[in-house]
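Reader: I'm new to this one and would like to know how the labels get attached. Can we go through them together?

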Amino acid sequence: MPSIYPYRGPRGTTYRVVWRAQDGAQRSRSFKSRVEAREWRATVERFEAAGQTPDPTRGDIRLEVWAGQVIATLHLKPKTAETYASLLRSRILPTFGGQPIGAISRQQVRHWVAEMAAEVSPKRTRNAHGLLSRLLNEAVLDGRLAVNVASGVPLPRQMPAEVRPWTVEELMAVAGASGRYEPLIVWLGLMGTRWAETVGLEWSKVRDGAVLIDSSLSEVNGKFHRVSTKTFASRRLPMPAEVER
């Protein structure tokens, strides 16, 4: 069973976790706080329960390096890649970038989420946490970590806004007062396609009273990219008479 021993040195107290590998050799790792030491002890216990020995050096890779390696292997749409880059640059790397992934604690992640929630929207907070959690989960799957410390951390709730849809009469009234944008407003109101799907629609996809939605147009840093739909699925929609006109 792993044990924790406090060590009082010239720079303060640290906490050393000591355990034995399967070959009988003694291993140890030191932490600045008792909480982090307890978390690592729990990690060692999980490894031991699975008949394995944790190797702390596997988690010594810095998060900024690990993030670069993981993201380079993901198949991301341009907009998603830009969003990930923004989240890393502004939210994740300033706090965790220089840390070894094995040294990131659940307590740290909780404080990070709480502080971020006071600065940005719940959606931005949840997206940043989601990316960090994804990176740590990849480390678990790669055998570098025994557990994803970001998993299950409490997140701010997103309160859905109350939406009252227009009636057809209201929609047609707004469209009629919109000049050259009337066809666009009628289309959006009655077809229900996403904006990126609408602006990326090709005439060849409209035929026989229906439209095939199988791609969208994504703008990233002033450049347009044709990508798959948000759900990666195509769908055929019938066109009402008001749209065909």
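Reader: How do you know that strand S1 and strand S2 are joined, and which way do they run, parallel or antiparallel?

Author: Keep in mind that this is a predicted model. Two strands pair if there are at least two bridges between them. Seven bridges join S1 (residues 3–9) to S2 (residues 12–20), so they count as a pair, and they run antiparallel. One of the links is Gly9 with its bridge partner Gly12 in S2. A hairpin of two residues takes the chain from S1 to S2.

Reader: What makes S2 and strand S3 a pair?

Author: The cut-off is at least two bridges, and six bridges join S2 to S3 (residues 26–31), so they pair too, again antiparallel. Val18, for example, has Ser28 in S3 as its bridge partner. This hairpin has five residues between its strands, and Gly24 in the turn shows a positive phi of about 95°.

Reader: What is Leu63 in contact with, leaving aside its neighbours within four places in sequence?

Author: Contact means heavy atoms within 4.5 Å. By that test, the partners of Leu63 include Ile92, Phe96, Ile101, Leu132 and Leu136.

Reader: How many residues line the largest pocket, and which lie nearest its centre?

Author: A lining residue has an atom within 4 Å of a pocket point. For this pocket, of about 750 Å³, that gives 26 residues, with Lys77, Lys79, Thr80, Ser218 and Lys230 nearest the centre. H3 supplies the largest share of the lining, five residues. The lining divides into 10 nonpolar, eight polar and eight charged residues.

Reader: What makes up the lining of the second largest pocket?

Author: It splits into 11 nonpolar, one polar and five charged residues. The volume of the second largest pocket is about 470 Å³. Pro183, Leu184, Trp187, Trp203 and Val243 are the closest to its centre, out of 17 lining residues. Helix H7 (182–191) provides the largest share, five residues.

Key. Residues are numbered from 1 along each chain as its sequence is written. This is a predicted model: local features need pLDDT of at least 70, side-chain atom pairs count only at pLDDT 80 or more; totals for chains, interfaces and linings use all residues. Side-chain values use heavy atoms; hydrogens and water are left out. On a 1 Å grid over the protein atoms alone, a cavity is a set of points where a 1.4 Å probe fits but cannot get out, and a pocket is an open set with protein on both sides within 12 Å along at least five of seven lines; lining residues have an atom within 4 Å of a point. Grid points are joined across faces, edges and corners, and a volume is the space filled by probe spheres set on the points. Helices (H or I, at least four residues) and strands (E, at least two) are DSSP runs, numbered from the N terminus. Ala, Val, Leu, Ile, Met, Phe, Trp, Tyr, Cys and Pro count as nonpolar, Asp, Glu, Lys and Arg as charged, and the others, Gly among them, as polar.
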